[in-house]
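This report goes through a complex of chains, from the contact between them to helix packing and backbone geometry. The structure is shown first.

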Amino acid sequence: MRPPRMPAPLKWLLGAVAVAGIAWVFTVPPWQAPDEDAHFAYVQTLAELGRRPSQKLRPAVEAQKSTEQDGAERASGFLRSYQRLEAQPEWAARPERAWRAAPEGSRDDGGGANAAEHYLPAYYLYAAVPYLAASGGDVFDRLYLMRLCSVLLLLVFTASAWLLAGEVLGRDRPAQLLAGAIAGLVPMSTFLGSAVTPDAMLLPVWGLWFWLAARALGRLQWRDALLLAALTVFGICVKPASFALLPGLVWVGVAFMWRRAGRAPLRPRMAIGGSVGVLVLGALVAVAVAAGTPRQLAAYLWQFYSPLDSSGYPALPQWPLRDVWLEGSAGAFGWLEVRFPWPVYALVAVLLTALVAVALPRLRPTGLAVAFALPALALIAGLHLNELDMILNQGKAFTQGRYLLPLLPLVALAAATVVRRAALIGGLLGGLAAWQLASLAIVMARFHA
Amino acid sequence: MRKTTAGIAALGVVVVLGVLSLLAAAALDDRERAFTVGLPAVRIAAELQPGDRACRTGIDVPAEFARVRLVTASFRRPGPALTVTAGAARGTVAGGYPDNSTVEARVGPVAEGKRITVCVSNDGERRVALFGSPPDTPPYELGNSNLGPALGLEFLRDKPRSMAALMPDAFERASRFRPAWVGPWTFWILLGLVAAGLPALLAVAYRSAVIDSS
């Protein structure tokens, strides 16, 4: 059987996303993406020592990175400049010459505990391939080849949104193009999709999950349902955030079996009843997890979403709905310190509000809608519970806007559903291209000018 | 056909407007700061009694500058006069500045590419503290008392330069600590690809999508 031919518009779109991804790869200085230093150290530990980072085996804090990585971080100015807008990476030519002339530091004396140590190794095994392929080069050859391989995952993410729109809306190429472009060209997606981070793999896993859920419920093939289950397990091996896929998987499984047994599709009333039941159950679990702290949970949520209260938990920013969810998902680069002026976020907020206002009335309570809603709600609830726990026990905030990006395919699908006019589609595509350029410009200005 | 034209025209208009806005922003974005070392200035790096001097050695100069800024504290009294030397250049700060203030010395032009020592002398009759931070230290270690802070210095241009004028320099700097084959040329090509190639690819994709759907 011949493999299906890739549609021409998708090819061109992937070309555009690849251009943007490669530009991000080289524009962002070494390790200047969230926790990229820890993720690189994890890959190096796997490749050089054949194991995951571990506190037990290398308890010294200094051992979280190899001498090679530590030396390169110092020489390149990463250590003195990350998260600090007032400091820049190394710009002068002499330190780079000196670093290149010096003997290479040891690669295998790291392996201690680091910020990524609790993650399962699915992504890191993938990233170890380019690491090993460039093992004859210096640390930057390996880092940048790993980033380039992340761009391949970004292309899969883009294709997943294309496929999702095709599965839900039918063969509507302009709508599919818009959905794929939103997934691949929203700058935060491109930024993370071109860095060394498990998020680069998490995004396509979630995109493919939504597509397979739609296929499983639409075509009722065992192959799709089994792939969906396997993808859920794989997602958990990429990042624990994928535990949020489990409620959706259970729902899809039940609906799938129901339909396979020859019963009619779930009626809207049943779908609503089912989803409300699951939501209530989820809320009860949430309160139980926050055991003994339901009041704190309520106060935390109020402070997170209300612009009126910024006092209860000092660890939270002034208005997390804006500062974390909106700004962090629309554009917060580097270690989140590189941001646009506020009117840009205001424009994004207006566009998102308009999208919700137009899309929500069209939403029908189908089994598929519930399958999409459950992982989304579980992800958001999990993030809040995790953050509340960290605030209460360690006094620090946790949630970042980028953690919402796995839901981007649903936003893309919603946009592709409601934006039908040619001029609007063209305008949005042009807007994405301009937004990419502006994002790369502020990153270039922050780090290099 | 009409669909294709309308979509591509809208795409083109938005991209052109976006690029023009960016060019305007880059032309208006004046940058006074040449570069910095030892920031943020969060801890006392040196306390100078009258006649004392503190230095920071081995500063690579990646961009020409003419002024140096320091963060000072003068213990609830007006600050003493200071002399600042940057390599062979020299400037002064008049006494009488407020406690906990940032002061500036005009030292005259210091060319890019040099490796210099910056020293600050207390020429007054009262003590003054200069702030800085430990070198090569991640943010979570800035307060670590085992790490000694070095002087924090901000080097400023004589006249601000716009972001647009700084682009060649920015591309030069962006090629540092990358794979050895990456150079400033890489970023000029990427700029062309993102500014023109990306919208062109999207336009072709849109045209192809409309044809494929009809």
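Helices and strands here are DSSP runs, numbered from the N terminus; a helix has at least four residues and a strand at least two.

## Model and confidence

The model is predicted. The predictor assigns the complex an ipTM of 0.95 and a pTM of 0.95. For chain B the average pLDDT is 96, and 100% of the residues score at least 70.

## Contact between chains A and B

Chain B puts 55 residues into the contact and chain A puts in 56 residues. On the side of chain B that touches chain A, at least two residues each come from helix H1 (2-28), strand S1 (30-37), helix H2 (167-174) and helix H3 (184-213) of chain B. H3(B) gives the most to this side, with 18 residues.

By class, the side of chain B that touches chain A has 37 nonpolar, nine polar and nine charged residues.

## Domains of chain B

Chain B is divided into two parts: domain 1 covers 2-29 + 167-213, and domain 2 covers 32-159. Taken over C-alpha atoms, the centres of domain 1 of chain B and domain 2 of chain B are separated by 41 Å.

## Helix packing in chain B

H2(B) packs against H3(B) at an angle of about 120 degrees, and their axes are 7 Å apart. Because angles of 65 to 115 degrees count as roughly perpendicular and those over 145 as roughly antiparallel, H2(B) is oblique to H3(B). The crossing of H2(B) past H3(B) is right-handed.

On the H2(B) side the residues are B:Phe171, B:Glu172 and B:Ala174, which meet B:Pro184, B:Phe187 and B:Trp188 in H3(B). This contact of H2(B) with H3(B) consists of five nonpolar, no polar and one charged residues.

## Helix packing in chain A

In chain A, helix H10 (residues 199-219) and helix H12 (residues 245-260) have axes 10 Å apart and pack at an angle of about 15 degrees. H10(A) and H12(A) are therefore roughly parallel to each other, and H10(A) passes H12(A) in a left-handed crossing. H10(A) contributes A:Trp209, A:Ala213, A:Ala216 and A:Leu217, while H12(A) contributes A:Leu245, A:Gly248, A:Val252, A:Ala255 and A:Phe256. The classes in this contact are eight nonpolar, one polar and no charged residues.

H10(A) also packs with helix H11 (residues 222-238) of chain A: the axes come within 9 Å and cross at roughly 160 degrees. H10(A) and H11(A) are therefore roughly antiparallel to each other, with a left-handed crossing. Residues in this contact include A:Trp206, A:Trp209 and A:Arg219 of H10(A) and A:Asp224, A:Leu231 and A:Phe234 of H11(A). The contact of H10(A) with H11(A) divides into 15 nonpolar, two polar and three charged residues.

## Backbone geometry in chain B

Most residues other than glycine have a negative phi, and most peptide bonds are trans. Two places in chain B are noted against that background.

The peptide bond from B:Leu39 to B:Pro40 is cis, with omega near 5 degrees. B:Pro40 sits in the loop between S1 and strand S2 (43-48) of chain B. B:Phe75, a residue other than glycine, has a positive phi, near 55 degrees. The loop that holds B:Phe75 runs between strand S4 (65-73) and strand S5 (82-86) of chain B.

Key. Residues numbered from 1 in each chain as written. Chains lettered and ligands numbered in written order. Predicted model: local features only at pLDDT ≥ 70, side-chain atom pairs only at ≥ 80, totals over all residues. Contact = placed C-beta atoms within 7 Å. Nonpolar A, V, L, I, M, F, W, Y, C, P; charged D, E, K, R; others polar. pLDDT = per-residue confidence, 0-100. Axes fitted to C-alpha atoms, helices over the stretch in contact; angles between N-to-C directions. Parallel < 35°, antiparallel > 145°, perpendicular 65-115°, else oblique. Left-handed = near helix turned anticlockwise from the far one by under 90°. Domains from an automatic or database assignment.
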